[in-house]
Amino acid sequence: MAKQVGIKLPDDLVAALKTGTLVGVLATNSEKGLPHTTPIQCWYPKGTESILVSIHKDHQGYVNMVWQKKVMLCFMDAGNLAYSVLGRAGVVRAPSNVHPLMNVVRIDIIEIKSDRSVLTRVDSGVRTSFTSPEAQELYNALIGELQELAKVL
């Protein structure tokens, strides 16, 4: 059963976002009202009330965020981490300083709910690996940019 936990990121979610390994799902709707989901790895918390994300400027999830603003995020990981986050998106850097095809979006939290089940627990989350050393280098640079922005925004 879902339980509303407020408008601030819980400590376990902040810690998971800072690891740089948490995969979350961004949910948006298109202008035609069609649902769209996007797995994203490049997140970083900005305090406890916002999340920064780096996303390709041509990705449908980004296009939907720009016109719609409201988004839903889902995070699940080891340690029974299971949250849904309703937020309002706004572009803070386009293009990214790291790559001309990437943009940075801040998602301000409207509501967070815990999706932990009384019947089951999340023992592990989605695990990814890099497709090349260059991909890892780009990812590290993008996360570095989000960390720096989190300090100055």
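This dialogue covers the nonpolar cores and salt bridges of one predicted model.

Trainee: What should I know about the model before reading it?

Mentor: It is predicted, so local features need pLDDT of at least 70 and side-chain atom pairs count only at pLDDT 80 or more, while totals for chains, interfaces and linings use all residues. Residues are numbered from 1 along each chain as its sequence is written, and side-chain values use heavy atoms, with hydrogens and water left out.

Trainee: Which residues of the largest nonpolar core touch the most other members?

Mentor: In soluble globular proteins, nonpolar side chains tend to be buried together. A nonpolar core here is a set of buried Ala, Val, Leu, Ile, Met, Phe, Trp, Tyr and Cys residues joined through side-chain atoms within 4.5 Å. Buried means under 20% relative accessible area, exposed over 50%, and partly exposed in between (1.4 Å probe, protein chains only). The largest core has 25 residues, and Leu-13, Trp-43, Met-65, Leu-73, Phe-75 and Ile-107 touch the most other members.

Trainee: Which elements each supply at least two residues of this core?

Mentor: Helices (H or I, at least four residues) and strands (E, at least two) are DSSP runs, numbered from the N terminus. Helices H1 (11-19) and H2 (60-68) each supply at least two core residues, as do strands S5 (50-56), S6 (70-77), S7 (81-93) and S8 (102-114). A second, separate core has 11 residues, among them Met-102, Val-104, Ile-143 and Leu-146.

Trainee: What does Met-65 touch?

Mentor: Contact means heavy atoms within 4.5 Å. Leaving out residues up to four places away in sequence, Met-65 touches Leu-26, Thr-28, Ile-55, Val-71, Ala-89, Val-105 and Ile-107.

Trainee: How many salt bridges are there?

Mentor: A salt bridge is a side-chain nitrogen of Lys or Arg within 4 Å of a carboxyl oxygen of Asp or Glu. That rule gives nine. In one of them, Glu-49 and Lys-8 meet at 2.3 Å, N to O. Glu-49 sits in the loop between strand S4 (43-46) and S5, and Lys-8 in the loop between strand S1 (3-6) and H1, 41 residues apart.

Trainee: Where do Arg-116 and Asp-12 lie?

Mentor: Their side chains form a salt bridge at 2.6 Å, N to O. Arg-116 is in the loop between S8 and helix H3 (133-152) and Asp-12 is in helix H1, so the pair ties together parts 104 residues apart in sequence.

Trainee: In the salt bridge of Asp-77 with Arg-127, is Asp-77 buried or exposed?

Mentor: Asp-77 counts as buried because its relative accessibility is 10%, whereas Arg-127 is exposed at 52%. Their closest N and O atoms are 2.8 Å apart. Asp-77 belongs to strand S6 and Arg-127 to the loop between S8 and H3, 50 residues apart.
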